[in-house]
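Have the picture ready as you read.

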Amino acid sequence: MGVHDPDSDNNGVVRCVRSENIPFVIISTTNGFYSLVTDSDLDRERASEYNITVTCSDEGVPSLSSSVTLTLQISDVNDNAPVFERSSYEAYIVENNTPGLSVFTVKARDADWNQNARVSYILEDSSVNGVPVSSYVSVSADSGVIHAVRSFDYEQTRDFQFLVKAQDGGSPPLSSNTTVKIMIQDQNDNAPQVLYPVQTGGSLVAEIVPRSADVGYLVSKVVAVDVDSGQNSWLSYILQKAPDRALFEVGLQNGEIRTIRQVTDKDAVKQRLTVIVEDNGQPSRSATVIVNVAVADSFPEVLSEFTDFTQDKEYNDNLTFYLVLALAVVSFLFITCLVVIISVKIYRWRQSRFYHSNLPVIPYYPPRYSDTLGTGTHQHVYNYDVCRTTDSRKSDCKFGTANSQNILIMDPGSKGTMQRIQCEKSILDEPDSLLE
């Protein structure tokens with residue numbers, strides 16, 4: 001800054017000062033010129049603009065002065081990395097979610113200005129159970145919204161975590177990371193699984209109860225598990241069906257099957273109990289188990305009862321199978337025969353049509369009715385033309401009764417009409433001899 005006072009001596013001596021509480025000082029460089037220099041580091045994030053007032057006064061009496069105000073704007077440099085609102089996040093999502101569902105949003109801020117403050121979000125490379133985390137979640141680069149890429153299963157993955165990086169647009173760019181932990185919440189999507197008694201398809205497993213069993217006798221115990229968690233895995237046992245409900249009961253919480261009265265000789269040997277195992281989820285899921293109970297004192301008695309039952313069941317199953325097989329075979333044979341018969345009929349019809357259209361016509365002239373020399377009683381020779389084929393046995397040719405005379409009479413009054421009076425008897429007896 002150049003400052004000039006036209007007075008002389010002390011009246012022309014000038015001293016300049018600046019306003020308070022600013023990081024600047026005024027230094028006199030040469031006669032009448034002053035420099036405004038920084039006194040400490042400038043930080044645009046703390047003060048982006050300064051209004052500096054410089055006052056210059058002389059040494060005269062009275063002192064005269066003048067002031068000038070300078071407006072100083074601080075330009076930005078990329079000296080601040082993005083900062084997340086929290087150092088770590090936790091988000092919850094219910095299993096069996098829809099892929100693409102928005103799970104959570106992370107947010108970071110950058111104190112810089114303009115392009116240096118523009119934040120982008122990047123999912124850091126990592127793996128979950130040996131699978132890239134990018135196959136589980138994705139992060140929107142502009143908004144920081146985390147989306148689920150797949151449908152989660154609580155029974156396979158209960159939680160996982162990953163890093164999200166926030167990077168600004170400065171040069172060089174600055175960045176920071178935060179940890180995000182996804183907690184998968186259980187849903188009642190699994191029915192209870194019965195471990196005991198084992199449900200086999202072919203054989204029957206029966207629990208033996210002696211007829212001398214007292215009240216409270218432990219017959220068996222239904223053991224089941226539910227892979228869900230919390231109240232979704234709490235199980236209840238209910239006796240749904242029994243031949244005699246007054247004989248057995250099932251513990252609601254433990255699944256124990258006990259007798260509730262004394263076993264008598266009138267009780268049936270085979271007892272089939274149906275127990276329902278139900279969880280406490282909403283809506284609840286259940287499984288059904290069949291418990292076979294044999295009320296007997298000896299094993300042979302039990303074996304005879306349940307063996308007959310098994311054999312009858314197997315016999316009925318085998319009988320049904322063979323009946324279905326026999327029906328299928330008979331249907332196949334019937335259809336095959338029908339197709340063969342129709343094919344043969346079509347073949348014969350085509351062959352007959354072919355022979356009738358292609359065989360030559362063989363004319364036949366009876367020798368006994370021809371007058372080759374023209375010396376007979378007739379002025380003209382009259383012959384019958386008999387045309388026969390090799391299949392002539394099927395023709396409609398008919399002959400009259402044969403006589404001993406062989407005469408052809410021509411009625412003079414007729415107009416070209418010849419009447420056959422007699423025919424050769426041999427022709428009547430054997431029509432096919434004409435072709436020999």
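Which residue in E24 is the bridge partner of Leu 239? In E24, that partner is Val 275. The model is a predicted one: local features need pLDDT of at least 70, side-chain atom pairs count only at pLDDT 80 or more, and totals for chains, interfaces and linings use all residues. Residues are numbered from 1 along each chain as its sequence is written, and side-chain values use heavy atoms, with hydrogens and water left out.

- Strands here are DSSP runs (E, at least two residues), numbered from the N terminus.
- E24 covers residues 270–279, and it is largely enclosed by the rest of the structure because seven of its 10 residues are buried.
- Buried means under 20% relative accessible area, exposed means over 50%, and partly exposed lies in between (1.4 Å probe, protein chains only).

**Partners of E24**
- Two strands pair if DSSP finds at least two bridges between them.
- Strand E21 (residues 235–241) pairs with E24 in the antiparallel sense, over six bridges.
- Ser 236 has Glu 278 of E24 as its bridge partner.
- With strand E25 (residues 286–295), E24 pairs in the antiparallel sense over nine bridges.
- Leu 273 is opposite Val 291 in E25.

**The whole sheet**
- The open sheet has four strands in the order E18-E25-E24-E21, with mixed pairing.
- At its edges are strand E18 (206–209) and E21, each pairing on one side only.
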